[in-house]
Amino acid sequence: MTPTSKAGPADPQPALTDPKPAPTDPQPGPVIPEAGAAAGDGRRVGPLRRVRGATKLDKVRWVIVYSTDIVTLLGLIGLYPLYVQWQMGLPAAVAGGAAVLLVIFTALCTRPFRVAVRGGPRPTKLLAVTGALALLLAVVAVVWALPPWLGALTPFVRRRTIAVVSTGSIVILALIGVLTGARLADMLALVLVMTFLTVLAVVATWANLRLWRLAHEAHEGEEALARLAVSEERLRFARDLNDLLGQSLTDVAARAGHAEERLRVDPEAAAAEMFEVRDLARRSLREVRAVVQNYRAVDLDEVLASVRAVLEAAGVRCAVRADTAALSPESRTLLATVVREGTTNVLKHSRAERCEIRIEDGVLEMSNDGVSGPVGPHAPNGLAGLAERVRAAGGSLEAAPTPEGRYLLRAAVPA
């Protein structure tokens with residue numbers, strides 16, 4: 001919920017708002033903002049605020065990406081064999097150069113998975129460069145770079161292809177050991193370790209990528225569910241108006257047409273017909289006003305239950321504590337309007353994970369943890385217009401961030 005509400009005119013039903021579609025990200029996942037990006041007030045956003053203001057999908061992506069990086073970093077265990085070879089007589093320049101190449105190779109191997117998470121095209125050049133570095137490192141017996149490279153390749157090829165390539169690389173490694181006259185025990189140990197690391201890198205990368213896609217689909221499903229709830233409410237109201245006005249307007253049109261036909265032949269009869277048209281129009285107007293009045297006289301308890309269900313469906317934990325027994329019908333309707341407007345804003349303009357709604361002695365407090373940093377003024381057709389309506393009824397409405405890092409919508413109405 002933000003104070004800059006872009007919802008439509010404040011109304012008892014969220015369906016009567018005109019929500020502006022949330023901007024869609026051109027990539028499958030949200031882009032993580034750079035640390036230190038400028039905030040709305042010109043201050044630089046620190047790492048803690050960046051983490052605090054991140055969406056749930058951002059946090060899931062960070063966990064998945066960094067856990068995949070841990071698997072990639074296993075290739076650095078090749079630094080220890082290099083140290084051993086250096087102690088055994090390998091030239092320092094060769095050992096040092098290989099160590100630098102291994103570090104560069106490991107850093108480069110963290111990039112392909114990030115490209116896959118963003119839904120970008122296969123980084124062929126990057127994969128080719130890292131593959132060449134892996135072969136170059138194998139010349140000095142640093143074969144530990146092979147599993148990370150296979151893991152980096154996994155998101156961009158079919159599972160059958162990566163299985164064949166992984167098996168072939170291990171078989172070739174075993175043949176090289178046989179041709180170089182390595183001891184059978186040493187060769188078997190190396191093959192077992194390389195098999196374990198290769199399976200770990202490939203399976204972990206594939207599983208993490210699959211997990212990310214499922215998380216992204218679930219996030220899109222939550223957003224679609226929230227939009228669907230608003231659309232269903234709009235359709236219900238449209239059906240009500242159609243049922244109410246359809247027949248009445250048809251009768252008005254038919255009687256008016258009949259009066260037009262009789263105007264030249266029998267003006268008095270046509271005038272009488274028009275009087276009936278006038279009466280029918282007035283009756284229809286009274287029916288519309290009665291329906292709208294009943295539509296606005298909503299039940300606050302039903303609204304609280306409804307918005308809680310909608311928020312929970314959208315992944316926002318909602319806690320409700322409400323004492324509404326002593327409120328007048330007008331106050332209950334007004335608070336229901338505020339709750340619905342606040343809920344619309346939480347769904348459209350915040351990154352909330354938790355929302356709390358409390359009503360006591362005619363005072364509504366609705367807070368969420370989805371807003372951080374400075375906020376702009378209220379939109380005239382959103383909270384600002386709703387605040388005028390509350391003031392006209394003898395109450396007050398305020399909405400602003402709190403020092404505790406939450407956003408609070410507070411409305412007080414006559415009990």
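Analyst: Ile 357 stands opposite Met 366 in strand 3. The model is predicted, so local features need pLDDT of at least 70 and side-chain atom pairs count only at pLDDT 80 or more, while totals for chains, interfaces and linings use all residues. Residues are numbered from 1 along each chain as its sequence is written, and side-chain values use heavy atoms, with hydrogens and water left out.

User: Which sense of pairing joins strand 3 to strand 5, and which joins strand 4 to strand 5?

Analyst: Strand 3 and strand 5 pair in the antiparallel sense over six bridges. Within strand 5, Tyr 407 is the bridge partner of Asn 368. Strand 4 and strand 5 also run antiparallel, joined by six bridges, and Ala 399 has Leu 409 of strand 5 as its bridge partner. The hairpin of strand 4 and strand 5 has five residues between the strands, and Gly 405 takes a positive phi near 90° there.

User: Why do strand 1 and strand 4 stand at the edges?

Analyst: The open sheet has five strands in the order 1-2-3-5-4, with mixed pairing. Strand 1 (317–322) and strand 4 (396–401) each have a single partner strand, so one side of each lacks a neighbour in the sheet. Neighbouring strands of this sheet are turned by 10° against each other on average, direction ignored.

User: Which strands does helix 11 lie across, and which does helix 12 lie across?

Analyst: Helix 11 (residues 300–313) lies across strand 1 and strand 2, and runs at about 165° to strand 1. Helix 12 (residues 329–349) lies across strand 2, strand 3, strand 4 and strand 5 (407–412), and runs at about 5° to strand 3. The angles run from 0 to 180 degrees between N-to-C directions, with axes as lines fitted to C-alpha atoms, for helices over the stretch in contact.

User: Why is Ala 313 called partly exposed?

Analyst: Buried means under 20% relative accessible area and exposed over 50%, with partly exposed in between (1.4 Å probe, protein chains only). Ala 313 has a relative accessible area of 33%, so the residue is partly exposed. Ala 313 has its place in helix 11. Not counting residues up to four places away in sequence, Ala 313 touches Glu 222 and Leu 225, where contact means heavy atoms within 4.5 Å. Ala 313 and Ala 226 are 87 residues apart in sequence and 7.6 Å apart in space, C-alpha to C-alpha.

User: What makes a space a cavity, and what makes it a pocket?

Analyst: On a 1 Å grid over the protein atoms alone, a cavity is a set of points where a 1.4 Å probe fits but cannot get out. A pocket is an open set with protein on both sides within 12 Å along at least five of seven lines, and lining residues have an atom within 4 Å of a point. Grid points are joined across faces, edges and corners, and a volume is the space filled by probe spheres set on the points.

User: How many cavities of 30 Å³ or more does a search of the whole structure find?

Analyst: The search finds two. The largest cavity has a volume of about 90 Å³, and helix 2 (56–72), helix 7 and helix 9 each give two or more residues to its lining. Helix 2 gives the largest share, four residues. The second largest cavity holds about 40 Å³ of space; helix 9 gives the most to its lining, with three residues.

User: Which classes of residue make up the lining of the second largest cavity?

Analyst: The lining has eight nonpolar, one polar and no charged residues. Ala, Val, Leu, Ile, Met, Phe, Trp, Tyr, Cys and Pro count as nonpolar, Asp, Glu, Lys and Arg as charged, and the others, Gly among them, as polar.

User: What lines the second largest pocket?

Analyst: This pocket is lined by 24 residues, of which Ala 138, Ala 141, Val 143, Leu 173 and Leu 190 lie nearest its centre. Its volume is about 690 Å³. Helix 8 supplies the largest share of the lining, six residues. By class, the lining has 18 nonpolar, five polar and one charged residues.

Technical notes
Pairing = 2+ DSSP bridges.
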